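Please view the model alongside the text.

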Amino acid sequence: MRLNRFFRIVITASFTIGMTGCGGAYVADIAGDKITVEEFEQVYAKNNGGWEAASKTSVDDKQKFLDLYVKFRLKVKEAYAKGYDKDPELRRELADYRKNLAVSYMLEQEITKPALEQMYQRKLKEIRASHIMFRLSEASSPEDTAKAYAKALAVIDSLKKGVPFESLASNNSEDPSVQYNKGDLYYFSVGAMVPQFEDAVYSLKVGEYSQLPVRTQFGYHILKVADIQSNQGSVRVGHIMKRLSPDASAEDSTKAANELLAMRDSILKGGDFAEFARTGSDDTFSGQRGGDLGFIERGRTVREFDEAMYALKDGELSGIVKTQFGLHLVKRFETQGIKPYKELEQQLKTQYQSYRFQYDYDRMIDKIKKMYAFTANDGVIPFVLGIVDSAKTFGDATWDSVLAPAHKQQVVFTYGNQNVTLGDFISLTRMNPEFQTMIVGYTGSFATVLKKIGINLVAEYHAQQLENKFPDFARTMKEYEEGILLFKAEQEHVWNNVVLSDSSLRLYHARHSANYKWPDRVSFQEIFVPTDSIAKLVQKAITGYTIDSLVTQKPKGRSKKLVYDTLKIAVAPISFDSAAVVYSKRSNLTEQHGVWNLQPVTTNALTQRAWIIETKDSLTYSPYESGFSFIKVLQKDPAREKTFEEAQSEVSGAFQEYETKRLGDEWYESLKKKYPVTLNGEGLKVTFSAPAASAAHQSQ
């Protein structure tokens, strides 16, 4: 049995190697151009969620994708045959795209991606280190720098002779904190220190110190690593605090300690920590939350508290911890730990951009300058400034007008096989908006522009070599080129041939009129009021009403007593339209006097009501949207087919889609005749079957 299984494995492996090897298997042949298994796997995986997901799909799914991909390749093949790839406009577009993509791709692949992976690996550890610093600034003179370096070397020599690091730090370090920490910087992890310091520390093992001084923006440092341990990440803790001033009496300190010890004893016997925090802690803010301080990262609180909370295990309660704020009982609730790389990637990227991207970028530029033997002619600065009007800006079109053509032939930069002249340099200053407002002769201005343009040029030159170094970049550029070619080919053979004439649209509508229908629709006028009492007033206004008015009559005989009688006065009804103008409160329909144009009956409760009521019924009102609505039906339009004029915009879109597909299908059939296609089902079956290929794709 085992022998048979062995032979099956050997046979399968041989078949797979034969299918994917250097003359390799293919999934399709287009007039002699083969779509290899490898090419298909790359494209299919990219469009189906990556290698792992793609490898789990069915052969039918792969076949459907292959059919589409063959159609794409046929069209691209025709585009090349037509010479579209030689089109000057297309070449310019490709060059611009490549230039913009190349530098960002290079930075991502050569700087950011490896840096983020390194950051994550470093984040998994935390280091306790000490340092001895000899202070310098970026403006320090060479003499001061040399003296500081010599001092640092002398201290390193003392370390080699066995003098304790702490005593050397106390006696030599120019870091003010040495007075109380003897150089001990406590625990930290990635991103806490400047890049040069961090790199040096992470290169050392426990007990080792730097053999040469480490230069940072603050000066020279001698570093020593005291401990390296796994980074626990943030921990969620709570505390019960008794506040004490630094000069508290022994009596007050003892009293506070005894109170905390009593609470601790009760908590260990089952008492509720949160309740003791609420009733007994002097930190009222956390006390209200049962002492909970939330998640705290290493180094975010005073050292004594930090040491205590990281020494505990989840669920443990500390003894008394003394800090500058008083005495504490600390309870550790839970540990967050370090999240997986994918979850932290964006956070790491943001952190990286802020604290060390520029440092790594500058180092990369120095490296590639050496790689391509980059030189800059700094002598051009005094030469140019001695001739031109230095009060003008680089954005002034005449700032270089006094320079003769011979002057502009001077070489400013050399690198690789490139020579950049002063004329080239001037053109580049005009193309960069950053330089437009800079004054040519302002102190350091010309040198700054010269440096930046030199960096940009050598970086772009390095990026031009990407195809050789990063196959993925070459594929990306090829995909973009083929995408443009496909667009141009489709435009020439399909889209430009779609003709939208009135007669063709009318004919299409006549043949497909059943596809363009109106549903039942209704139009009505609405009076919307906020209260029932106003609704009743509207009813009266529309129907008309009478009011009683008292009038005096002439007294009879000699009586002077006034006699009154009641006179009924009729108030004429107003039209529904007038009532809508006076009373309706729906602001978006004010100008239309409350008229809803034809709406599908299913639009809302009002349209449904309007559809079923009698046309003459306009006095009944009903609740609607926190108010009351009267409606008067203006028109009922039963479901029907749309006229051509009513459906014209829809017909136009549908006809264009129809014609595009028809012409595209005709073109595709003609291409299949021109470039015979052969599909290889056996090749398709073995796609995604090679483990080595899988691993390679997953690592990309």
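## Salt bridges and buried sites

A network of salt bridges links Arg122, Glu198, Asp199, Arg356, Asp360 and Arg363. The model is predicted. Across the whole structure, a search finds 49 salt bridges.

| Pair | Closest N to O distance |
|---|---|
| Lysine 86 – aspartate 85 | 3.2 Å |
| Glutamate 659 – arginine 662 | 2.7 Å |

Glutamate 659 and arginine 662 share helix 25 (residues 644–674) and lie three residues apart, about one turn of the helix. Residues three or four places apart in an α-helix point the same way, because there are 3.6 residues a turn. Glutamate 659 is buried, at 10% relative accessibility. Arginine 662 is partly exposed, at 30%.

Lysine 86 is exposed, because its relative accessible area of 61% is over 50%.

Which residues of helix 7 are buried? They are Phe165, Leu168 and Ala169. They cover an arc of only 100° around the axis, so they lie on the same side of helix 7. These buried residues pack against strand 3, helix 6, helix 8 and strand 6.

Serine 318 lies in strand 9 (residues 317–323). Serine 318 is buried, because its 6% relative accessibility is under 20%. Residues up to four places away in sequence aside, serine 318 touches Arg264, Leu312, His328, Leu329 and Val330. Arginine 264 is 54 residues away along the chain, yet the two C-alpha atoms are separated by 8.6 Å.

Definitions and conventions. Residues are numbered from 1 along each chain as its sequence is written. This is a predicted model: local features need pLDDT of at least 70, side-chain atom pairs count only at pLDDT 80 or more; totals for chains, interfaces and linings use all residues. Side-chain values use heavy atoms; hydrogens and water are left out. Helices (H or I, at least four residues) and strands (E, at least two) are DSSP runs, numbered from the N terminus. Buried means under 20% relative accessible area, exposed over 50%, partly exposed in between (1.4 Å probe, protein chains only). Contact means heavy atoms within 4.5 Å. The arc is that of the directions from the helix axis to the C-beta atoms. A salt bridge is a side-chain nitrogen of Lys or Arg within 4 Å of a carboxyl oxygen of Asp or Glu.
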